[in-house]
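Colleague: I'd like to learn how to read a ligand site and a sheet in a model like this. Could you walk me through it?

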Amino acid sequence: MKLLEHEAKTLLKKNHLPVPNGHTITLSSDLTEVPFPAVVKSQVPTGGRGKLGGVVIVETLDQLKQTRDTLFTLPIKEFLPQVLLVEEKLAIEKEYYLALLVDRTSSTIRLVAHRQGGIEVEDNNASDFFNEIITDNNLHELAEEVAIFLDCPVVKLSSFIQDLYDAFVRNDATLLEINPLIYTSKHSLVCGDCKMELDDAATFRHPDWDFESTPQNTNFVTLNAEGKVATIANGAGLAMSTVDAVVDRGMSPANFLDIGGGANTESVMTAFNQIVAFPNVQAIVINIFAGITRCDEVAKAIIEAKKRIPSLPPLFIRLAGTNFEEAVTLLAVENIPTLKTLDECLDAAQEALHE
Ligand code: GDP
Ligand code: MN
């Protein structure tokens, strides 16, 4: 289970590790109390946000509002954030890389470190990393070695590594990566960013685990990243025939998606988030034959998505089955039309496509 940065930082804080002061926001959050300068960070389950514009420093309330609006519609490697993290801006003196991870081949935990952390860390040679097995017994010795390697005061790093190791073990983590570990101009260590993965098999002993986890439809298949028509259907058979029908009309389907029997607001929102990451999609065909799925749930999700994703391509919707009437009424109030058959959807989609 991959945690979002803000979830990981909440766990770190509980384990006495230093994290920047901050909180998450949505589109409707009150921003008047935010101190400046601040850092705004897109909460997506992937790294490399800095390079893709997902981490922005803001100096004023106006800049913060503008950045909020931009980040909520900026896909980062196919993900759109549900929340943003707003944190105090730290004055950085140095950025280190420090990680703990399970080494499955040797059944041990490894500590990996690099003197130059930050967004370019992948460019370093593997041989330039400090990489040693860490255990209950060698913790202190190892901390001294890492401190020398990083050229960082031993006292500070030693207790940090102890706490990090405790957090890792206590939370049944398989990966806990702090990048950057920030050495501030006030000579303290702060976890600038955190990537954390937890062992799913340990869920039974953590009743408190309640994370967004990675919002992704597992039955989402990319067929053609350049495709112009995206599809959402429920049931594998209907999803496949929807894709086939798109192809029969000479159009290029971007994806296959079976949102499953229990499609709800969340899974439909996630589907839209995955779809808007495709650069060329000009039409979304939604083909729902509802049994367990309820059409009104799908309709609510569509309405929500239209509000939250301004760049959403036109929708061509055919709904049938459970709570169909309620759905049509809900959509009509928002001026979102529905069509009677898949054929009608495809006709309309074809007309909407431009070269
Ligand atoms: P990532 O690109 O997804 O790994 O996002 P990070 O959270 O690691 O942020 C990327 C980069 O933004 C960091 O390496 C820093 O250089 C910069 N950054 C993040 N937070 C701060 C901050 O509080 N102050 C300053 N000056 N830079 C920051
Ligand atoms: Mn990072």
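Modeller: Happy to! A polar contact is a pair of N or O atoms within 3.5 Å; within protein, one must be able to donate a hydrogen and the other to accept it, and residues adjacent in sequence count only if both atoms are side-chain atoms. Here, an oxygen atom of ligand 1 lies 3.2 Å from a polar backbone atom of Asn-179. For Leu-90, a polar backbone atom is 2.8 Å from a ligand 1 oxygen.

Colleague: What should I keep in mind about the model and its numbering?

Modeller: This is a predicted model, where local features need pLDDT of at least 70 and side-chain atom pairs count only at pLDDT 80 or more, while totals for chains, interfaces and linings use all residues. Residues are numbered from 1 along each chain, chains are lettered from A and ligands numbered from 1 in the order written, and side-chain values use heavy atoms, without hydrogens and water.

Colleague: How far is the side chain of Arg-49 from an oxygen atom of ligand 1?

Modeller: An N or O atom of that side chain is 2.7 Å away from the oxygen.

Colleague: And how do I read the sheet?

Modeller: Strands of a sheet pair through backbone hydrogen bonds, either parallel or antiparallel. Strands are DSSP runs (E, at least two residues), numbered from the N terminus, and two of them pair if DSSP finds at least two bridges between them. In this model, four strands make an open, antiparallel sheet ordered β1-β4-β2-β3. Its edge strands are β1 (22-25) and β3 (55-58).

Colleague: How many bridges join β2 to β3?

Modeller: Four, with β2 covering residues 38-42.
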